[in-house]
Amino acid sequence: MSTAFEQHTTVFELDKQYMKRCIQIAKKGLGHTAPNPMVGSVIVQDGNIIGEGFTSPYGGAHAEVNAINAVEDKSLLKKATLYVTLEPCSHFGKTPPCADLIVKHQIKTVVIGVLDPNPMVSGKGIEKLRANGCEVRTGILETECRAHHKRFLTFQEQKRPYIILKWAETVDGFIAPLPDQRNQNLEPYWITNAYSRQLVHKWRSEEQAILVGTTTVLADNPKLDVRDWTGKHPFRVILDKSLKIDMNYHVLDKSINTLILTEIQDAHQDIKGINYEVLDFSKPLAVQIMNTLWEYNFTSVFIEGGRQTLQTFINEGLWDEARIFKGPITFKNGIKAPEIMGTPIHSRMIQNDQLTILQHD
């Protein structure tokens with residue numbers, strides 16, 4: 001006969017396995033659910049998974065609802081355990097509260113990875129479940145669930161988007177040639193191969209906004225879209241202090257939602273269909289940008305450059321990840337890559353390109 005300790009250990013280990021599955025399926029929502037979190041849910045009855053679900057695109061059903069709807073025999077729910085990466089919501093938003101649906105189906109046990117810091121939820125979901133006789137276990141794979149929900153949790157807890165820096169540099173540490181080294185055409189000067197560039201387009205599709213500075217636009221005339229991948233284009237955010245960028249540049253073609261950050265007070269009259277926000281460029285800039293993007297409800301931003309823009313965020317300590325490519329070419333002279341210190345969390349080769357991902361300590 002097994003002891004109470006052994007039984008508890010077995011339950012805990014099973015909880016971890018099912019929570020891993022929740023995280024795995026939750027990733028299917030990446031790039032589609034924001035500003036909602038990409039939650040995963042699994043329903044287990046008598047050792048069998050009878051339903052799974054992840055968060056639908058923004059405005060659609062939450063993970064718990066999709067998991068419950070996936071259960072063919074709803075009578076099994078009364079004897080089931082529902083696993084979910086994030087505390088079930090308890091308020092009416094674009095959809096009814098998930099906690100109410102769980103109570104309605106008399107699901108007896110709910111296992112939660114991490115509590116929701118959103119003040120509209122923040123323990124209220126758990127309170128409602130327990131008040132209706134539901135056993136609730138929390139903190140299962142909490143570290144892993146927090147890492148998975150990094151965008152949402154950063155937005156809720158730090159009142160800013162999750163910040164990802166990205167650049168490509170040469171073997172000798174340059175991110176671009178000097179202006180007199182470039183050709184006459186306004187186009188990117190590629191350091192990395194086509195596979196690395198496609199990966200960047202995939203990354204763009206996963207974040208809500210993409211940000212570059214004036215110099216990058218004037219030198220490269222980028223589109224900042226995801227034409228090499230399938231997914232949503234991020235909201236373009238352009239730093240243009242003095243409104244130097246004109247209608248000849250792709251970022252003002254109005255094909256993608258675009259926000260211009262400037263110091264010109266009457267900028268909103270400039271181009272109809274483009275959003276403008278005024279910043280004080282004489283004060284620390286990164287924090288002002290993040291405050292603005294938080295007000296726009298962006299949970300993440302992908303910052304692609306150039307050097308001055310990237311270094312501004314590094315110097316102000318406002319970044320979460322840095323994704324750095326090192327291509328196999330040399331410039332011998334040019335614009336130096338940003339200077340950054342962080343903890344390496346991933347490294348791999350993409351053909352002849354070296355990708356390193358740093359985490360801010």
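Biologist: What should I know about the model before starting?
Modeller: It is a predicted model, where local features need pLDDT of at least 70 and side-chain atom pairs count only at pLDDT 80 or more, while totals for chains, interfaces and linings use all residues. Residues are numbered from 1 along each chain as its sequence is written, and side-chain values use heavy atoms, with hydrogens and water left out.

Biologist: Which strand holds F325?
Modeller: F325 is part of strand β13, residues 321-326. Strands here are DSSP runs of E, at least two residues, and helices are runs of H or I, at least four residues, numbered from the N terminus.

Biologist: Is F325 buried or exposed?
Modeller: F325 counts as buried because its relative accessibility is 1%. Buried means under 20% relative accessible area, with a 1.4 Å probe and protein chains only.

Biologist: And what is F325 in contact with?
Modeller: Leaving aside neighbours within four places in sequence, its contacts include W167, W203, I350 and L355. Contact means heavy atoms within 4.5 Å.

Biologist: Switching to β4. How many of its residues are buried?
Modeller: Six of the six residues in β4, residues 109-114, are buried.

Biologist: Which strands does β4 pair with?
Modeller: β3, residues 81-86, pairs with β4 in the parallel sense over five bridges, and V84 has I112 as its bridge partner. β4 also runs parallel to β5, residues 135-137, with three bridges; there, V111 is partnered with R137. Two strands pair if DSSP finds at least two bridges between them.

Technical notes
Buried means under 20% relative accessible area, exposed over 50%, partly exposed in between (1.4 Å probe, protein chains only).
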